[in-house]
Amino acid sequence: MLAAIQAHSDDVTLFCAGTVAKLIGEGYTGYLIRLSNDEKAGKTVGQGVVQNEIDNQEAAKALGCKKAFSFYYRNHRMDDCAMIEIRQRLIFLFRLLQVNTVFAMDPYDHYDENPDHIVAGKAVESASWMASPGGGHEYPEQLKAGLKHCQIRERYYYCRSPQGHNLVNRVVDISSYIDHKVRANVANKGKGPAGDNGLRLRQELARQGKKLPLLGNDDATANFQYVKHFLMDDFRALGKQFGLEYAETFRYIGQEPDLRQAVRKYADGHAVPL
Amino acid sequence: MYRHGIPGFAAAAPAGNAAVLVVKDERGQPHRGKVFAAVHAHLDDVPYYASGLCAKLMSEGYTGYIVRTSNDEKYGGRTTAQNILSNEEDHFRMAAALGFKDVFDFYYQNHDMNGISYIDLRGRLILIFRMLKVNTVLTFNPWGPGEDDPDHWVTGRAVEEASWMAGMPNDFHEHLEAGIQPHTVTERYYFCAQPGQPFNRVVDIGTHIEKKIDAIVECKSQGNGNRGSIVRAQLARQGKRLAMLGNDDRAADRAYARQFLLDNDREYGKQHKLQYAERFYYVDHRKPSKSKADEYIETNAVRI
Ligand SMILES: [Zn+2]
Ligand SMILES: [Zn+2]
């Protein structure tokens with residue numbers, strides 16, 4: 001099970017959608033969890049939250065996720081939220097869904113100006129180990145409600161600022177899943193650089209009696225091609241550095257070595273008769 | 001923390017103009033199938049303020065659960081860590097003595113609960129109220145004047161809010177994913193914990209006083225539950241004894257509690273010709289099965 005956690009409807013789609021789609025394609029069951037209500041992206045607050053709620057659902061579908069969740073904390077104000085309450089809810093979901101792998105905004109992403117990103121990353125980081133049996137038996141009432149501890153062994157931290165890339169230790173080839181990533185971004189109509197920008201450009205050119213063959217003959221094609229051609233540059237450039245068509249980069253934190261197993265192995269190898 | 005000897009308790013006024021209802025034992029098991037949660041901050045809160053009512057409700061069919069919100073680290077006379085342990089152990093024994101089905105301990109920092117994330121506390125209560133399908137809560141009156149212990153009013157307020165929010169599907173909607181459905185808590189009994197706090201129910205606990213004593217004597221880390229045996233030991237060292245304290249520690253603790261720790265209950269009872277009573281501010285949010293609008297529609301709707 002994987003959970004891709006984002007503060008905003010366009011975080012996962014922009015920065016790690018290819019890898020999420022790849023893992024789902026390789027057998028993972030995926031869940032998308034959005035923490036904010038994205039109220040700052042829309043003509044009115046009401047229209048913004050409704051459109052972004054739809055976008056989150058549609059992006060989850062495009063990625064092949066089983067379900068999408070939203071916590072609806074106020075956009076841009078998550079540094080005013082009680083971190084411990086966000087953590088409580090994440091622990092609940094991680095246990096309920098028996099999550100093994102999380103994707104989250106890197107809580108150490110240098111120079112990220114958005115407080116929602118940092119709060120989301122920190123909450124996921126602490127919830128990941130506290131949801132496990134070694135996490136200090138947090139929220140025992142959740143266990144009484146029938147939930148089980150989970151073991152989150154892998155964390156993929158994604159980040160948006162180039163400065164954050166100094167923490168990268170894993171490059172994922174997403175060439176086979178680039179179309180999933182593009183479709184997830186097209187689903188983001190309420191905010192971000194993707195959405196309906198392709199069809200808008202196509203309509204604008206048509207009004208001037210022109211067309212771009214790249215954008216095809218219908219709105220869906222226009223949106224898809226616009227995103228793939230213009231918005232995937234960063235991921236093409238990342239891929240190029242490693243001889244790949246497209247890539248995403250992460251700070252990856254894997255399973256910690258099992259000390260007890262190491263001790264057992266040593267004992268098996270070195271124990272002598274009394 | 002329950003504090004003894006605060007003057008003026010018995011003189012506390014009933015709530016506004018509300019009539020005070022004297023509640024006696026009910027026959028049989030009229031509350032079978034119903035669930036209550038007693039939510040207190042400290043080991044000795046429920047034993048002193050409401051253990052008679054807890055025993056009464058359970059004897060009348062309720063299933064009872066107890067939630068302690070603080071870690072009680074400030075009481076016990078030992079190190080902070082040892083205090084947490086001894087209060088924890090006392091709390092389990094006290095809950096068993098009263099017959100609670102399960103115990104939830106949240107361990108928020110004692111005396112400092114006005115500094116915790118309040119919404120975290122509320123979220124945890126909502127999960128418990130939903131999963132246990134709690135009908136009735138017993139807790140501190142969040143609006144009670146004179147409440148100078150922050151753990152008390154924070155706990156009361158969180159319970160008050162969680163009681164209705166537990167019924168709202170959009171609060172903590174992830175609970176529904178786990179099959180835990182929204183559930184509104186409809187009845188509340190607020191403790192009468194300080195002089196001057198309002199009450200509209202006086203509950204006759206005469207037949208449940210032994211259970212109340214059972215609960216109080218388990219409050220050894222705080223609440224004077226072991227005072228009788230301490231006095232007995234002190235006297236023995238001086239070569240003396242008090243006949244009323246009996247021949248063993250358990251008898252001494254019970255006798256001491258009966259003689260010296262139930263003055264409020266006796267005083268509350270006396271005013272209504274009862275031996276022992278507890279006071280509560282009771283709030284009933286149960287809805288009639290049919291609304292006024294439903295009744296009107298049923299009576300007045302005609303064929304088109
Ligand atoms: Zn964002
Ligand atoms: Zn107390």
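**Reading the contact between chain A and chain B**

Tutor: In this predicted model, the count between chain A and chain B is four salt bridges.

Student: What makes the meeting of A:E141 and B:R124 a salt bridge?

Tutor: The side chains of A:E141 and B:R124 come to 2.5 Å, N to O, and because the cut-off for such a nitrogen and a carboxyl oxygen is within 4 Å, the pair counts.

Student: Which element gives the most to the side of chain A that touches chain B?

Tutor: That is α4(A), with seven residues, while β3 (67-73) and α6 (140-144) of chain A are also among the elements that give two or more.

Student: Why is α4(A) called mostly covered?

Tutor: Buried means under 20% relative accessible area, and 12 of the 15 residues of α4(A) are buried, including A:I86, A:L90 and A:F94.

Student: Turning to the zinc ion (ligand 1), which residues coordinate it, and why is A:H8 counted as buried?

Tutor: The zinc ion is coordinated by A:H8 (ND1), A:D11 (OD) and A:H117 (NE2), at 2.0 to 2.1 Å. A:H8 has 4% relative accessibility and therefore counts as buried, and A:D11 is buried as well, with a relative accessible area of 3%.

Key:
Residues are numbered from 1 along each chain as its sequence is written. Chains are lettered from A and ligands numbered from 1 in the order in which they are written. This is a predicted model: local features need pLDDT of at least 70, side-chain atom pairs count only at pLDDT 80 or more; totals for chains, interfaces and linings use all residues. Side-chain values use heavy atoms; hydrogens and water are left out. Buried means under 20% relative accessible area, exposed over 50%, partly exposed in between (1.4 Å probe, protein chains only). Helices (H or I, at least four residues) and strands (E, at least two) are DSSP runs, numbered from the N terminus. Donors are N, O and S atoms within 2.8 Å of the metal (3.2 Å for Na, K and Ca); water is not among the atoms, so sites may look incomplete.
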